[in-house]
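This report covers aromatic ring pairs and surface charge in one protein model.

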Amino acid sequence: MKNLFDISGKTAVITGGSRGIGAMIARGFVEYGVKTYICSRKLEQCEATVEELSKYGEIIGLQADLSTMEGVTAFADQIKEREDSLDILINNAGAAWGAPLEEFPEAGWDKVMDTNVKGVFFLTQKLLPLLKKAGSAEDPARVVNVGSVDGLHVPDPETYSYSASKAAVLHMTRVLAKRLARDHINVTAIAPGPFPSAMTKGLFEAVGVDKITDEVPLGRIGTPEDMAGVAIYLCSRAGAYVTGEHVTVDGGWATTV
């Protein structure tokens, strides 16, 4: 029982791990002794995060654009060249787009869907051989998809493709969980609410941090510890019997908006 949350010695990939929610999870993993790969479209961002987190443990940064099949394939190939198996895949990389309904562009639809849904599916597909090698009945490999409370409720901002994509991610999580259970791979999702990140910066500026905080029943914005804690739970022995589910991490926000 003392080691229920121990994930030391595992190997993880966190997409979009150079900032925001991905970096929060990356720090938790690195400090807990996980060999952690992160990726970002901008190599400089990865290198800065690697420099910051390497004092806590082993972290490797790679450049990747997961909005295209070429980028997904290239990134998966880099991981396969470096690792024979993979314990944890955190599908966190995402994009958002906001515009009035009458003006919402096709580019804003395609970019978000390609990154948030297509990229998640095909990276999981391409890393399946490594995940299958790592998983066992006692300790399954883990795929954790980062969704959003916007996939559960109707948000006020006009981010049509983002909300649709995150709803798709949550349902795809259930579909993949059923398919991969016999391969000893658990598939779960996290649905974050208000956390400080590049993606929520516009929302915080438009609505105001104080107003959002007032709407959260627990009365605060999420912290890195809140996000890392849930990811560690899902990827440790404590979460070994959990699959096909999502964990909403929002201080109760989705119940009020």
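Predicted model: local features only at pLDDT ≥ 70, side-chain atom pairs only at ≥ 80, totals over all residues.

In the pair formed by F104 and Y160, the ring centres are 5.7 Å apart and the planes stand at 80°, so the arrangement is edge-to-face. Planes count as edge-to-face when the angle is over 60 degrees. F104 sits in the loop between β4 (88–91) and α4 (106–134), while Y160 belongs to helix α5 (residues 160–180), so the contact ties together parts that are 56 residues apart in sequence.

## F121 and F122

F121 and F122 also form a pair: their ring centres lie 5.0 Å apart with the planes at 90°, so this pair is edge-to-face.

Both side chains fall in the partly exposed class. The relative accessible area is 33% for F121 and 23% for F122.

## Positive surface patch

Which residues gather in a patch of positive charge on the surface? The patch consists of R19, R41, K42 and K111. Among them, R41 is located in the loop that runs between β2 (35–40) and α2 (43–53).

Membership in such a patch requires over 30% relative accessible area and no salt bridge, with like charges joined within 9 Å.

Notes:
Residues numbered from 1 in each chain as written. Heavy atoms only, no water. Patch = residues over 30% accessible without salt bridge, like charges linked within 9 Å, V, L, I, M, F, W, Y side chains within 5 Å. Areas by Shrake-Rupley, 256 points an atom, 1.4 Å probe, with all protein chains shown as cover. Salt bridge = Lys/Arg side-chain N within 4 Å of Asp/Glu carboxyl O. Lys, Arg positive; Asp, Glu negative; His and termini not counted. Charge placed at Lys NZ, Arg CZ, Asp CG, Glu CD. Helix = DSSP H or I, 4+ residues; strand = E, 2+ residues; numbered from the N terminus. Phe/Tyr/Trp six-rings, centres within 6.5 Å; stacked < 30°, edge-to-face > 60°. Buried < 20%, exposed > 50% of the residue type's maximum accessible area, 1.4 Å probe, protein only.
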